[in-house]
Amino acid sequence: MIDYEYHEPSFSGTTTEEWDDPQLEDFETDDLSEVAEHFVLSASGFPPENFTDLKLPVVDPDGNLNKNALATAKSGGRGVGAVEDLDDEKAEDVESLIDDLANEQFEEAEFGD
């Protein structure tokens, strides 16, 4: 089982724009410690060893927390439930973090309710 680490990402604003998972080339830097601030989960800690270790992006490359990204991070197909080898307790903690971010930053988000 992979010992994932999670953290609250850094962001400078919020958006409800359409969402598509970012790739490394979408960022203005290749510094993984900066890029990791846009993600909730890492398979190799923060900063990660590789870009592919990062899971559940919720902040766009411009630094905005994205409501649609939070919804995607909660959904089954590309969300917490799809992260391979994530233990149940950590998955619950990550879902709670996502709920808190959404509910605190977006009116009427109602995540986890």
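Begin with the largest pocket, which holds about 290 Å³ of space. To find it, select D21, L54, K55, L56 and P57, which of its 21 lining residues are the closest to its centre. A pocket here is an open set of points on a 1 Å grid over the protein atoms alone, where a 1.4 Å probe fits, with protein on both sides within 12 Å along at least five of seven lines, and lining residues have an atom within 4 Å of a point. The model is predicted, so local features need pLDDT of at least 70 and side-chain atom pairs 80 or more, while totals for linings use all residues. Residues are numbered from 1 along each chain, and side-chain values use heavy atoms, without hydrogens and water.

Next, colour β4 (54-57), a DSSP strand (E, at least two residues), which gives the largest share of the lining, four residues.

Now select α2 (67-74), a DSSP helix (H or I, at least four residues), and show its buried residues (under 20% relative accessible area, 1.4 Å probe, protein chains only), which are A69, L70, T72 and A73. Looking down the axis of α2, you will find them within an arc of 160 degrees (taken from the directions from the helix axis to the C-beta atoms), so they line one face of the helix. At the start of α2, a side-chain oxygen of N66 comes within 2.7 Å of the backbone nitrogen of N68.

Finally, go to F46, in the loop between β3 (39-42) and β4, whose C-alpha is 7.4 Å from that of E5, although the two are 41 residues apart in sequence.

Technical notes: Points joined across faces, edges and corners; volume = space filled by probe spheres on them. Buried < 20%, exposed > 50% of the residue type's maximum accessible area, 1.4 Å probe, protein only. Polar contact = N/O pair within 3.5 Å; in protein donor to acceptor, adjacent residues only side chain to side chain.
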